[in-house]
Amino acid sequence: MTSLPLISVDPDARGRRPSMPPRHLADLDLSGRQALVTELGEPAFRAKQVSSHYFGRLVRDPERMTDLPAATRERLAGELLPTLLTPVRELACDDGATRKALWRLHDGSLVESVLMGYPDRVTVCISSQAGCGMACPFCATGQAGLTRNLSTAEIVDQAVYLAGVAASGAVSGSPPRLSHVVFMGMGEPLANYSRVVAAIRRLVAPAPEGLGLSQRHITVSTVGLVPAIRRLASEDLSVTLALSLHAPDDELRDELVPVNQRWKVSEVLDAAWDYAATTGRRVSIEYAMIKDVNDQPWRADLLGRLLAGKLAHVNLIPLNPTPGSRWDASPKPVEREFVRRLRDAGVSTTVRDTRGREIDGACGQLAAAGDTDGDSRAATA
Ligand code: SF4
């Protein structure tokens, strides 16, 4: 993923075996929910009613589901809407336009999500795994390894929960309706492929089956799992692919993004261009600007040559340095020169806004702060 998150370790959870959460309505499509409700001895249409509350009205409190018989409300909600995410901490910054949420999962793992309001849209950044197995050296989450994949519903519930926060008017200066979702929180989404794709289907299905978001407003980030990129292209989904490239040459990328030792820059870019051709969607090339590591002018020129004429946009990410890390952000003049060279090569390029820095920056840092041992901080972008 691209947000370069940090470790999520709950000290209480150490040594405990991670386990998957209870089944939730969002794990199932509508027909699966209807079958479940029937198994529970209720008429199938109850599945639609509960789904309408959860996805349509963003309501999960059975007391507010007044169209359900009082006698079965609690039981149905308990079976279909078990608590998956317990808020541990929620912080706001950017004058209330950014809110970060830290969640504890049922097995004690910590993950986080970020809600970002803009004048024309509201975006959530969500996690797909607790921890990550991709081992990128500038990312402490990667150093600590993968705890477990999130379930489909654990992924979806982050978006639904924060859609409710947005609907309450808590995000200043933005519309109240959640419109965009980016899979750039903790984890490598394509390493949890089937649950992430199922989560996307829930997010884009119209209410009451899902949240009713536009496919074009969903972005899936990856470090470059080539077979999974090709599989995603065949899913008949037109979500945006964000490729965390971080280096244009194999020598450096082998180090910064170790999965490059398996799939080289040329293979990853070929898969990205095939994805763009199949879906018609421009690929976002994510590039963390790391001082004296990947920010040299010659690397900008090489990147420009690789991307010129392609359906691609470069998103440069100023690295968010944290105390004690050996990785630092590129100086602004270096960043500006990098942008200039890419644009001169005809490559559309922007620098990512650095939302949320005053509340522990990018995805993962809040979870790191939630680790009371406080020993897991590192640089993120
Ligand atoms: S190890 Fe790499 S892929 Fe995994 S969360 Fe960190 S930056 Fe993303």
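pLDDT is the predictor's confidence in each residue, from 0 to 100. This is a predicted model, where local features need pLDDT of at least 70 and side-chain atom pairs count only at pLDDT 80 or more, while totals for chains, interfaces and linings use all residues. Residues are numbered from 1 along each chain as its sequence is written, and side-chain values use heavy atoms, with hydrogens and water left out.

**Exercise 1. Find where pLDDT is under 50 or below it.**

Solution. Start with the average: the chain comes in at a pLDDT of 88, with 88% of the residues scoring at least 70. Next, check residues 1-11, where pLDDT stays under 50. The model still gives that stretch 77 contacts beyond four places in sequence (a contact means heavy atoms within 4.5 Å). Then look at residues 368-381: pLDDT is below 50 there too, and the stretch has 56 contacts beyond near neighbours in sequence. Where pLDDT is low, the predicted coordinates should not be read in detail.

**Exercise 2. Work out how the rings of Y54 and F55, and those of Y287 and F338, are arranged.**

Solution. Rings of Phe, Tyr and Trp (its six-membered ring) pair if their centres lie within 6.5 Å; planes under 30 degrees apart are stacked, over 60 edge-to-face, and the rest tilted. The whole structure has four such pairs. For Y54 and F55, the centres are 4.8 Å apart and the planes sit at 75°, so call this pair edge-to-face. Now take Y287 and F338: 5.1 Å centre to centre and 40° between the planes makes a tilted pair. Y287 belongs to strand β10 (residues 283-289) and F338 to helix α11 (residues 332-344), so the pair ties together parts 51 residues apart in sequence. (Helices, H or I of at least four residues, and strands, E of at least two, are DSSP runs numbered from the N terminus.)
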